[in-house]
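Hi everyone, thanks for coming.

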2 protein chains.
Amino acid sequence: MKNFMWWNPTIVIFGHGTIPQIADQLSAVKVKSVLLLYGGKAIFKNGVYTQVTDALTKNNIAFAELGGVKSNPRIEKVREGIARIKASAVDAIVPVGGGSVFDSAKAIAAGAVYKGDVWDLFEGKAEIEGALPIYGVLTASATASEVNNIGVVSNPEKDKKTSIVSSYLFPRVSIIDPSVQASISESQMVNGGIDIMAHTLERLLDGAEGVEFIDEQGYALIRTMLQTIPALREDPTDYDARSQYAWAASLAHNGSLSCGRGERGDFSSHKLGHSLSLMFDTPHGVSLSVMMPAWARYVYEDHPKPFARFAEAVFGIEGGDEVDRAAAGIEELEAFFRSQGAPTTLRELEIQESDIERIAANASVFAPFGVLKSLNTEDILEIYKIAY
Amino acid sequence: MKNFMWWNPTIVIFGHGTIPQIADQLSAVKVKSVLLLYGGKAIFKNGVYTQVTDALTKNNIAFAELGGVKSNPRIEKVREGIARIKASAVDAIVPVGGGSVFDSAKAIAAGAVYKGDVWDLFEGKAEIEGALPIYGVLTASATASEVNNIGVVSNPEKDKKTSIVSSYLFPRVSIIDPSVQASISESQMVNGGIDIMAHTLERLLDGAEGVEFIDEQGYALIRTMLQTIPALREDPTDYDARSQYAWAASLAHNGSLSCGRGERGDFSSHKLGHSLSLMFDTPHGVSLSVMMPAWARYVYEDHPKPFARFAEAVFGIEGGDEVDRAAAGIEELEAFFRSQGAPTTLRELEIQESDIERIAANASVFAPFGVLKSLNTEDILEIYKIAY
């Protein structure tokens, strides 16, 4: 086991009926004015907007509003948020939405106290030296942005989807009421579930040794997703399934599965998927159901051990040699994705074979990357070919 | 799943060679003077005392010293610590030791800023409204005091072993270097391991429903202990086993396994064991290897489900009905304790049959207690009879 630091200071308030507590949490630290940040119409339909604004009003907390944050959130909206804050001083940012809204809130929070253009922070041209505090209400579980210090934003002008990471970016408080997620569409729930599985698998399949306990936590998480995704397709109002899906989402990417591994995980599949999201606006989860099996098929023969252990622990696969069990585990994983209606090939996304070189070139900007196997430009191209 | 709040702000610095970082952490918050609190001679033998004091000296941090904290720590030593602090102002407390030292540090930290006698806080006569900050170095993993907000202390004058709980009592920083635990005696390691298992089982066996994901995390933790305790008996210097044992200890009782359960766990076995520790100075782990199987045997027939699920998930027990599987799981658990040299009867502790009523009377002060089954005075007496 490698040395690590574990710190996760976010207060999570979890459960049915907890949303109005956001105002109490803000009042407790004497916040008087916030920027309310959200995405589309979902929070108006499911009543969350009313729950939040009623609670703020009751506690005499003023709020400016900024809606329209999209999935694969863009830097333009972040800049808009920063401008709003600089024009009308607020004490805190209140993202109300899913991962994209939380990610955007983090970028706005850091950008609001930085003198230059916020994209500098994504390009490493400047350090994050502070941020406005974030008190959020999560309405769609998947990315774990509600409990981590990472913000991922796209910059279409530069053809880049990249992240900021800073201890200033942990939300102070995140409220997670799983019951409001019952109105999420099936495809969004499945995509989110695949993202949660991918966050876990990026760790489980990184080849770290001497961390069986951490691996066991990851297997537990994957087993939970194999149960809850089908359960929620069957009955979106299954509260216990929804709650466990939601809490699994938070734990999959709050840093706990990285403890002792030496790296934060492999994340090749995420990086390979980011290019699809950037170029074709492919939903994040879909990019992963396509790229993760392709990546696995490309690397497992030379590195069968973590795949074989995963296959045994999660799918109960026995017999054959390590490579056989590894292959069988990848088959099972892909079969699960397909059984839940998730695409597993670029072809299904209506991406043309002729686009592959361009996609590979986009992803290769960050090459070499990967922990289990370091991927170079040629490797990346091969993986997209497998994915096709 | 029940509603919950999750918050655990302690910074954990984990791994070989991390101990000197305690001084850097103190310097980072401008601490100039600390009370160094420890137990017996172990930290002089294993070099931890020198590592800590060298680091403090190098960073110009003054330290007063108070040694002699015992297992099942006593309120007298806490009062001594408080007196020392009130006589010579210090900015922080630095426990260097195991759970008893951390628990005592918490009581001293709370007592040092309270005007009355510290025992008032244990009896609920006054609220904890602040505490000196704690920056600790853990040298024996078991109780998770390094990552929770609980302090357990005995008061022999009042025949009580009880706890304080407050968000002020989370250590700010805990350093865990598993390599220094190689010098712990086999019996202490086994006892600690049983305590870790018990912290987990108190949750797994509380009968909570709709928390399969949390249960899975608990099963993962128990499986880890079933591997690491024998591995460390075989080779106390096995760093990966020691690290996983240590991290499992922290996660078993940092609150994470209580999420969604509605209660913090059953804790009947702990309460039944506390009377043994108080009256006979029975090591905490030994009290649990004796009382947990006895408690399980008393309650499982009326509440077989959590025992059966545990038996299946951890020991792979199949066949028969739920009660059969539950019974088989309890057998396996007790057999594991015995295989590691742990006593499982009061008789082995040389406690007399004639003492049982007196022990039951001591434990009954807190009755009724228990979540899976609420235990009254008669139940408590029966369980001690089974344990005999």
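**A walk through the model**

Let's start with chain A: of its contacts with a separation of 6 or more, 78% are between residues 24 or more positions apart. Here, two residues are in contact if their C-beta atoms, placed from the backbone, lie within 7 Å. Please keep in mind that this is a predicted model, where local features need pLDDT of at least 70, side-chain atom pairs count only at pLDDT 80 or more, and totals for chains, interfaces and linings use all residues. Residues are numbered from 1 along each chain as its sequence is written, while chains are lettered from A and ligands numbered from 1 in the order in which they are written.

What does chain A look like overall? Its secondary structure comes to 15 helices and eight strands; helices (H or I, at least four residues) and strands (E, at least two) are DSSP runs, numbered from the N terminus. The C-alpha atoms of chain A fill a box of roughly 65 × 45 × 45 Å along the principal axes. A compact globule of 388 residues would have a radius of gyration near 21 Å, and chain A agrees with that, at 20 Å. That radius is taken over C-alpha atoms, and the globule rule is 2.2 Å times the number of residues to the power 0.38.

Within chain A there are two domains, domain 1 (11-179) and domain 2 (185-387), with bounds from an automatic or database domain assignment. Their C-alpha centres lie 27 Å apart. Where they meet, 18 residues of domain 1 of chain A are in contact with 24 residues of domain 2 of chain A. The domain 1 side has eight nonpolar, seven polar and three charged residues. For those classes, Ala, Val, Leu, Ile, Met, Phe, Trp, Tyr, Cys and Pro count as nonpolar, Asp, Glu, Lys and Arg as charged, and the others, Gly among them, as polar.

Now, how do the two chains meet? 30 residues of chain B are in contact with 30 residues of chain A. On the chain B side, strand 1 (4-14), helix 8 (212-234) and helix 9 (239-252) each give two or more residues, and the largest share, nine residues, comes from strand 1 of chain B. Strand 1 (residues 4-14) of chain A runs antiparallel to strand 1 of chain B, and seven bridges join them; strands pair if DSSP finds at least two bridges between them. As part of this pairing, Val12(A) stands opposite Trp6(B).

Let's look at burial next. A residue is buried if 20 or more other C-beta atoms lie within 10 Å of its own, exposed if 12 or fewer, and partly exposed in between, with C-beta atoms placed from the backbone. In chain A, buried residues make up 58% of the 388 residues. In chain B, five of the six residues of strand 6 (residues 150-155) are buried, so strand 6 is largely enclosed by the rest of the structure. Six bridges join strand 6 of chain B to strand 7 (residues 160-165) of chain B, running antiparallel, and Asn155(B) stands opposite Lys160(B). These two strands form a hairpin with four residues between them, and Asp159(B) in the turn has a positive phi of about 55°.

Is Asp54(B) buried or partly exposed? Asp54(B) counts as partly exposed, because it has 14 C-beta neighbours inside 10 Å.
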